[in-house]
Amino acid sequence: MAKQDLVIIGGGPGGYVGAIRASRLGLSVTLVERERQLGGTCLLRGCIPTKALLHSADLLQEMRGADAHGIRAEGITVDFPGIMRNKKKVVDRSAAGVRYLMKKNGVEVVNGTARIDGPGSVSVSLPDQEEVCLEAREVLIATGSVPRGVPGIEPDGRHILTSNEMLELKEIPPSLLVLGGGAVGVEFASVFSRLGSVVTIVELLPRLLPFEDEEISDAFAKALGKRGIRTYCGTRMGRVTATEDGVVCAVEDGDGGTKNLSASMLLSAVGRAPFTEGLGAVKAGVCLDDRGFVKVDDHYRTTVPGIRAIGDVIDTPALAHVASAEAIAAVEHIAGAETHPVDYATTPSCTYADPEVASVGLTEAAARDAGHEVSVGRFPFSASGKARILGATDGFVKIVAGKPHGEVLGVHIMGPHATELIAEAGILLRTECTAEEIVRTMHPHPTLSEAIQEAAHGVDGNPLHI
Ligand code: FAD
């Protein structure tokens, strides 16, 4: 194969988006992916399949609540294999879409496992055991991450699972214990609780969604409680014993109290670990930090000239949109094109549970810690006409603004379609918008977006509809 401008290792939202951008900038690109399908964790075992399951659970919930809207729906049943078939269909179509995009953009795709032999040199083991050597001016590592292990809690594919195996379940577990109250843990809790499992979440830190604004975390925990999900925060999971029909887990609260929790299944969802196994990066001179992340500079250059890294394999927020943004910035720099650094301060964070949670910018506590004098505006969805129409009035919008100018420092939302609403908030931060400017921007009525405008009114203590 002729020497390429760029070889990208990994076909997730970092790698494949980087490949498209690079090709459009005129670079010759080869993308290497070890899986048969393109799309990476996000598309095959992450964002897309989990949201397909969440949508099925949302639909079930809506149908069960249809009576309140004057629609009588009887005999609603759950066809779990059907839910999983639909999830697979969405995944397969999306993966085929990525394959099409590679073709359309002239990106050469090699299906195999890549190993870096040195700067500009990559060997790929093909599925038939053959090996091909690729040469390139630049190599981009986009190998992503895998579920983080917990000592003493070994996934067995039967009673102790990671998110990977959860997505291949054949039956709804009667009861589910979730270790980890972050986005992945609470999303699965939200799916299976609505499908009928008795769900319990155990989180070591003092609150669920520990990186969200404290008020949002507290409201979210209450909302889960209302939905019948038990949560134990500030609780350490100790010994886990697999039994014939499930697991028994010893848990220890912060005050030294212990108890046993049992369930038919345990999901270990304690985060992700960067994946560089078998990549040969370290041998080629690429330095990792003490947690295994590839070290990079502002242009995603590793310690070896000609080798860069982006996405979950580096120590930045493990999110698909972050991986894509980094890939774009990295390949623009490689191509010598105009580029802008990734603005991590405006990274949206989303949890697609019921209720949804989304945020961008500083929490109230972080804003105060950073020395800001802050003013906070809140607006509850219970006062929103559109939320009442939807029958989804749990939650609120909270805007953290600086004093005296009212510049928006953070927006935090729990409630219906929070994950869609947050995109507006990202632009507010990016353009250094003030609460006054939000107030003066007409928001369509009746929409959920009015809650953002109302919360902005609240920054001056003047919401209209409460
Ligand atoms: P990945 O998507 O992990 O892709 C890396 C690819 O590299 C893989 O396909 C892998 O097979 C390949 N690879 C690795 N080594 C080699 C090699 N040596 N040779 C060839 N190929 C190799 N993020 C969001 O933004 N929104 C969400 O809603 C969301 N939901 C999630 C739900 C779950 C259950 C999980 C687990 C994650 C979720 N994420 C979500 C996180 C998101 O999936 C990741 O942040 C994102 O996929 C990272 O992209 P990436 O390109 O860096 O790596």
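A backbone N or O atom of A318 lies 3.3 Å from an oxygen atom of the ligand, which makes a polar contact, the term for a pair of N or O atoms within 3.5 Å where, within protein, one must be able to donate a hydrogen and the other to accept it, and residues adjacent in sequence count only if both atoms are side-chain atoms. The model is predicted, and local features need pLDDT of at least 70, while side-chain atom pairs count only at pLDDT 80 or more and totals for chains, interfaces and linings use all residues. Residues are numbered from 1 along each chain as its sequence is written, and side-chain values use heavy atoms, with hydrogens and water left out.

- An N or O atom in the side chain of H321 is 3.3 Å from an oxygen atom of the ligand, and a polar side-chain atom of K51 lies 2.7 Å from an oxygen atom of the ligand.
- On its own the ligand has 1,000 Å² of accessible area, of which the protein covers 96% (areas come from the Shrake-Rupley method with a 1.4 Å probe, and for residues only the protein chains shown count as cover).
- Two or more residues of the shell come from each of β2 (29-33), α2 (40-45), α3 (47-64), β4 (113-118) and α8 (320-335), where helices (H or I, at least four residues) and strands (E, at least two) are DSSP runs numbered from the N terminus.
- The largest share of this shell, four residues, is given by α2.

**Helix α1 and its surroundings**

- Helix α1 (residues 15-24) is mostly covered, since eight of its 10 residues are buried, meaning under 20% relative accessible area with a 1.4 Å probe and protein chains only.
- The buried residues of α1 pack against β1 (4-9), β2, α4 (80-104) and α8, in contacts defined as heavy atoms within 4.5 Å.
- Just after α1, G26 takes a positive phi of about 95°.

**Nonpolar cores**

- The largest nonpolar core has 50 residues, and M102 and I116 have the most contacts inside it; such a core is a set of buried Ala, Val, Leu, Ile, Met, Phe, Trp, Tyr and Cys residues joined through side-chain atoms within 4.5 Å.
- Leaving aside neighbours within four places in sequence, M102 is in contact with Y16, A19, I20, L31, L38, V107 and V109.
- Another core, of 35 residues, lies apart from the largest one and has V191, L195, I201 and A353 among its members.

- T30 is found in strand β2 and is buried, with a relative accessible area of 0%.
- The side chains of T30 and Q4 are joined by a polar contact of 2.8 Å.
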